[in-house]
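Student: I've got this one open on my screen. Can we chat through it together?

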Amino acid sequence: MLKLRDLEIVKFIALFGYIEERQLAIFCNLGLTQIRRILQRLESDGYIRLNKVLIKSGSYVFLTATSGKMLEVKVPTRANLNTLFHDTLLVDLYFYILNNDSIERELIKTDKQLRKEFGIFNANAQQRVCDLLINDEIAVELELSEKPKAKLQEIINTYIIDDNIKLVCYFLQSAHLLNKIYTLTQDHPKFRFYLFEVDENRQFIKMQQHTPNKLINISKLNLLQLPAIEPKRFGNYQF
């Protein structure tokens with residue numbers, strides 16, 4: 001039988017597919033030595049498996065077929081090296097948002113949760129799923145690599161016409177990519193941009209918010225502060 005904390009750990013791994021052991025230490029508010037003891041026991045019991053993906057980082061933690069079946073989730077067989085940095089940093093961004101804006105954990109859905117909710121089991125499916133969704137109305141996009149201009153414009157347009165999404169927050173490491181996406185939004189009030197830096201442990205050390213033609217250092221994200229968007233107009237009518 002899984003202990004309550006063990007079950008919470010397994011469920012948290014399922015939110016992201018796989019996760020670094022240091023991130024589970026943060027989640028459980030434990031030291032690395034303590035969390036490693038717990039993970040070794042869970043691995044011995046067949047609920048998780050540990051994989052040293054990178055030489056210079058700690059182990060990554062995956063679910064097994066047993067725990068995946070128990071939670072009714074698809075279990076990745078290995079880490080995707082092409083998206084490893086994005087996948088890892090997304091968990092740190094999740095923690096950053098929780099701590100910075102004091103948002104309840106239950107209000108944040110990950111892309112894995114959304115795919116399960118929408119029945120999207122193919123990563124190449126056409127339906128757009130954001131990296132994180134807060135309170136079912138704030139989309140979070142962690143954008144680390146260039147996409148074709150047409151693809152970016154398609155994503156932006158999809159967000160603009162989606163009345164359920166009140167705010168779209170882009171987090172980027174590249175000022176060039178930030179300006180590219182910002183230009184495509186044509187300064188639409190639904191979009192907000194953040195430029196960040198990370199240290200050698202992939203922890204956020206600097207966050208700047210983009211305002212027209214400049215970046216300002218910030219201490220609070222204020223994601224729950226939604227923008228005022230004028231109603232759409234058609235002739236003499238508004239809706």
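**Chatting through the model**

Tutor: Happy to! Let's start with R41, which counts as partly exposed because its relative accessibility is 30%. Here buried means under 20% relative accessible area, exposed over 50%, and partly exposed in between, with a 1.4 Å probe and protein chains only. Keep in mind that this is a predicted model, where local features need pLDDT of at least 70, side-chain atom pairs count only at pLDDT 80 or more, and totals for chains, interfaces and linings use all residues. Residues are numbered from 1 along each chain as its sequence is written, and side-chain values use heavy atoms, leaving out hydrogens and water.

Student: Got it. What does the side chain of R41 meet in a salt bridge?

Tutor: That of D6, at 2.8 Å from N to O. A salt bridge here is a side-chain nitrogen of Lys or Arg within 4 Å of a carboxyl oxygen of Asp or Glu. The pair links distant parts of the chain, with D6 in helix α1 and R41 in helix α3, 35 residues apart. Helices (H or I, at least four residues) and strands (E, at least two) are DSSP runs, numbered from the N terminus.

Student: And D6, buried or exposed?

Tutor: D6 counts as buried, because its relative accessibility is 2%.

Student: How many salt bridges are there in the whole structure?

Tutor: A search finds 10. Another one joins the side chains of E20 and R22, at 3.1 Å from N to O, and both of these residues are buried. E20 and R22 also belong to a salt-bridge network with D92.

Student: New topic: how many residues are in the largest nonpolar core?

Tutor: 46, and those with the most contacts inside it are I9, F12, L24, Y94, I97 and F171. A nonpolar core is a set of buried Ala, Val, Leu, Ile, Met, Phe, Trp, Tyr and Cys residues joined through side-chain atoms within 4.5 Å. Its largest share, 8 residues, comes from helix α5 (residues 84-101). Apart from this core lies another, of 21 residues, including A139, Y159, L178 and L195.

Student: Which residues does I97 touch?

Tutor: Not counting residues up to four places away in sequence, I97 touches S102, I103, I108, L132, I134, V140, L221 and L223. Contact means heavy atoms within 4.5 Å.

Student: Last one: where is F191?

Tutor: F191 sits in strand β8 (residues 191-198) and is buried, with a relative accessible area of 9%. Leaving aside neighbours within four places in sequence, F191 is in contact with I156, Y159, I160, V168, Y170 and T185.
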